[in-house]
Amino acid sequence: MSQQSNNPSATGAVLNEQQFNAITQAISGLNRDQLTWISGYAAGMAAAQGGVVAPTTAGAVAPAQTDAPTLTILFGSQTGNAKGVAQQCQAKAEEAGFNSKLVSMADYKPRSLKAETHVALFVSTHGEGDAPDDAIELHEFVSGKKAPKLSNTKYAVLGLGDSSYEFFCQTGKDFDERLGKLGGTELVARADCDVDYEAQAEAWLNDLIASLKDDFTASAPVAQAVQTGSAVQGAPEQAYTKKAPFTATLLDAQKITGRDSVKDIRHIEISLEDSGITYKAGDALGVWFKNAPSLVDAFIDTLSLDGDAEVKVADATLTLREALTSKLELTLSYPNFIKAYQAATGSESLAAMMEDKAKLRTYMAERQLIDIVRDHPGSLTAQQLVEAFRPLTPRLYSIASSQTEVEDEVHLTVAHVDYEAFGHRHQGGASGFLCEYLEENGEVDVFVENNDHFRLPEDGNTPVIMVGPGTGIAPFRAFMQERDAQEAEGKNWLFFGNPHFTQDFLYQVEWQGYVKDGLLDKITLAFSRDQEEKVYVQHRLLEHGKEVYEWLQQGAHFYVCGDATYMAKDVENALISIVQQYGEKSEADAKAYLVELRKAKRYQKDVY
């Protein structure tokens, strides 16, 4: 950065004298590298507000290239996958010499869409076809009456989802349909990526970059690669990732529900010693697990296969038993397994069921994959069975500890899925591994998935309201540990629910200690089965609606963690009712109030 003139008039009246003096004082004493970083940061902020100056690679600032087109890369991500693919897209664009701008949908002004010439959208879907929180505003905008005509816009959409859910990649499908109806021209056909998305996403990105070559010139001196808003936020880059996890050890797996509870919930402690892994309160831990030996045996025995038979999975040659144990998804039911299994076995009963999609969905929702095989046994080879499954993918768990408190450990709150159905025992893949099959000091591969959409406020004086029934309590345990360590002065209010007070009050002693110490100002409980009429956290919110609204008016941040299908929606409806009643607003205005809270990052959800 060149030395600044001491005359504020040299800024061309862009800054007034007070602003100029404030900036000069702020950067006084910074070294060259720090000044270079500041220049890039300021350029990124300018780009987020519609500016054209932007940082390129670390350090340099490129001149504006107004004559060259720009690929605007937008991502809406709940767990970070869509953001990761969007970042891959920018890397490929930069490699090809194309100008690009990477922006979180949460930081993007929807009305800017009409000015875009080339846009690529990467968006996940969660719950019942819902858009992720940071994509809600843009999703609603393109679906509404104010959406502009996009006759001069070329676009591409990549959706991420899970085919075990009915509304697979629905948000991506919505964007694709609406952008087309608004007059946009599709660059490449939409991709709907399942949980094993990497190879498909890579091929799609290559097709996208190839489709841009006629419109983009690679002759610019330096391609601009702008990252704005939350695209440049997050935890420091970790040495261990989803593809290269850290082999940690299990320290403890303690049941924290009572003997007579209908739930089996465990407090899991894992050592990260010597890993250098860091995490923040609000992040998730990715856990790679192994399938239960009994489940592996059930597939082999039911289908009369040889566990020692050699099979190929990706580029590896393994025994069937090894592949079923550590490489393939054996629990969650999804349509593609039924399709592949039926084709391999020729099962007429499955073929008939596949003709009625609604019936098939109901059937799958009640069964794990082994149930489907038991119901429709057939003859197929070991390789055909392997090819019917999709690859094993890690499970993400909200971290239940603050690293400032537990240092080189990470804690989880895990509900052990364990039940009898159709005459057999069933367990969750990851929960069964963590709670039963992984012994103390046993090894487990893990990585941190940072979650910038679920963070404590930077100002420790800000009040927070936390709604976390069941295992949704996990990140709020981390929040309280963090606020305790920071000696934060802001008020804290927890809403917690579970079936019974005596059996299911998770971390009861800790919460009571926080109340006694004054860290937790209020705790409101909803034990649904302790009275004749069921009471849930949304009912308690309504009961305390006046005070909840007062906290919000005082600037409180509102957090929800837990079930996305029912609880999170019920809580949001309760919140809308509270704002309507105590804010004296119409339903439309109350919903707009929540939108503003979300945009200000004061209404955050970690739901699953």
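Leaving aside its neighbours within four places in sequence, which residues is Asp176 in contact with? The first legend gives the answer.

This is a predicted model, in which local features need pLDDT of at least 70 and side-chain atom pairs count only at pLDDT 80 or more, while totals for chains, interfaces and linings use all residues. Residues are numbered from 1 along each chain as its sequence is written, and side-chain values use heavy atoms, with hydrogens and water left out.

**View 1**
Asp176 lies in helix H5 (residues 170-181). Helices (H or I, at least four residues) and strands (E, at least two) are DSSP runs, numbered from the N terminus. Asp176 counts as buried because its relative accessibility is 11%. Buried means under 20% relative accessible area, exposed over 50%, and partly exposed in between (1.4 Å probe, protein chains only). Beyond its neighbours within four places in sequence, Asp176 touches Tyr155, Val157, Glu186 and Arg190. Contact means heavy atoms within 4.5 Å.

**View 2. The chain as a whole.**
The chain has 22 helices and 24 strands. Of its 608 residues, 51% are buried. Take the contacts between residues at least 6 apart in sequence: 75% of them join residues at least 24 apart.

**View 3. The buried residues of helix H4.**
Helix H4 spans residues 136-143. Its residues Ile136, Leu138, His139, Phe141 and Val142 are buried.

**View 4. The buried residues of helix H7.**
Helix H7 covers residues 293-302. Leu295, Val296, Ala298, Phe299 and Ile300 are its buried residues. They pack against helix H8 (320-326) and helix H12 (369-375). Ser304 follows H7 and has a positive phi, near 55°.

**View 5. An antiparallel sheet of 6 strands.**
This open sheet has the order S15-S12-S19-S10-S11-S16, with antiparallel pairing. Two strands pair if DSSP finds at least two bridges between them. Strand S15 (395-398) and strand S16 (409-415) are the edges; each has a single partner strand, so one side of each is left without a neighbour in the sheet. The twist averages 40° from one strand to the next. Angles run from 0 to 180 degrees between N-to-C directions, and axes are lines fitted to C-alpha atoms, for helices over the stretch in contact. Strand S12 (residues 284-288) is joined to S15 by 4 bridges, and the two run antiparallel. Leu285 has Tyr397 as its bridge partner in S15.

**View 6. A parallel sheet of 5 strands.**
Here the open sheet has the order S22-S21-S20-S23-S24, with parallel pairing. S22 and strand S24 (603-607) stand at the edges; each has a single partner strand, so one side of each lacks a neighbour in the sheet. On average, neighbouring strands are turned by 10° against each other, direction ignored. S20 pairs with strand S23 (residues 557-562) in the parallel sense over 4 bridges. Met466 has Tyr559 as its bridge partner in S23. Helix H21 (residues 567-583) packs on the sheet and touches S20, S23 and S24. The direction of H21 makes about 155° with that of S23.

**View 7**
In strand S21 (residues 492-498), 7 of 7 residues are buried. In a regular strand the side chains alternate between the two faces of the sheet. Both faces of S21 are covered. On one side lie Asn492, Leu494, Phe496 and Asn498. On the other lie Trp493, Phe495 and Gly497. Strand S20 (residues 464-467) pairs with S21 in the parallel sense over 4 bridges. Val464 has Asn492 as its bridge partner in S21. S21 is also joined to strand S22 (residues 522-527), running parallel, by 6 bridges. There, Phe495 is partnered by Thr524 of S22.

**View 8. Helix H16 against helix H18.**
Helix H16 (residues 474-486) and helix H18 (residues 508-517) pack at an angle of about 35°, with their axes 12 Å apart. H16 gives Phe476, Arg477, Met480, Gln481 and Asp484 to the contact. H18 gives Glu510, Trp511 and Tyr514.
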